[in-house]
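Take a look at the chain architecture first, then at the interface. The text below follows that order.

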Amino acid sequence: MGELRLYALQRLTALVMIPLILVHLVLIVYAVQGGLTADAILARTRGSVAWALFYGLFVVAAAIHAPIGLRNVLREWTGLARRPIDRAMLAFGAILLALGLRAVAAVVGGGA
Amino acid sequence: MRLPRRSIGWWAALGHRISGLALAIFLPLHFLALGLALEGAASLDGFLRFAELPLVKVAELGLVMLLSIHLVFGLRVLAIELLPWPTRDGLRLRLVYAGIAAMLVVGIAFGVGIA
């Protein structure tokens with residue numbers, strides 16, 4: 001993928017995440033008041049299509065945004081060659097996407 | 001990062017980068033922890049008890065503060081890149097201060113919650 005497209009993707013995902021992060025931060029601060037329990041978290045999220053879409057979008061955006069940012073840092077701050085960095089970041093993005101969607105499924109869907 | 005060293009903009013760019021690095025390292029662990037809910041609420045509760053340890057709480061506090069500052073310093077980057085140059089009087093500088101303020105406000109609100 002070309003540099004311009006990666007740059008545009010990173011900025012686009014940044015824009016998408018602005019409202020998502022604001023909601024997430026408010027929710028975090030609200031949720032920790034009085035302590036966190038799994039039941040309290042899951043009562044909020046289980047079966048909620050809205051939270052599934054919200055956090056699903058968040059995961060996809062973060063899985064694109066983080067590897068591109070990390071790629072820039074590794075290029076500028078390490079002597080690593082471009083190709084291994086690109087491969088590692090592609091893998092990192094795939095791992096984030098898989099783990100993130102699994103996490104969304106865990107808190108919104110199944111479980112005992 | 002091609003800014004005069006030690007300028008406020010340089011520190012903001014460094015802060016943006018370091019907070020991003022920390023968040024990138026944290027994110028897979030965050031997802032793995034939430035994934036414990038797949039094994040049932042008891043597993044997630046077990047993890048949340050671990051999260052009650054003082055050192056872990058301090059780390060969590062640091063992370064929400066890093067997320068806040070990464071957000072506002074990211075707005076600064078978008079303002080630099082997308083708004084007409086030069087940006088309005090003091091906008092970039094105000095966003096740096098807003099980032100620090102947001103970090104502190106979220107940090108205090110979170111800190112009070114977990115204390």
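The C-alpha trace of chain B spans about 55 × 25 × 25 Å along its principal axes.

This is a predicted model, in which local features need pLDDT of at least 70 and side-chain atom pairs count only at pLDDT 80 or more, while totals for chains, interfaces and linings use all residues. Residues are numbered from 1 along each chain as its sequence is written, and chains are lettered from A and ligands numbered from 1 in the order in which they are written.

Chain B has 4 helices and 0 strands. Helices (H or I, at least four residues) and strands (E, at least two) are DSSP runs, numbered from the N terminus. Along the sequence, the pattern of chain B reads α-α-α-α.

Contacts are residue pairs whose C-beta atoms, placed from the backbone, lie within 7 Å. In chain B, 64% of the contacts with a separation of 6 or more join residues 24 or more positions apart.

Now turn to the partner chain. Chain B puts 28 residues in contact with 30 residues of chain A. Helices H1 (8-35), H2 (41-50), H3 (54-82) and H4 (91-114) of chain B each give two or more residues to this side. H1(B) supplies the largest share, 10 residues.

Technical notes
Two residues are in contact if their C-beta atoms, placed from the backbone, lie within 7 Å.
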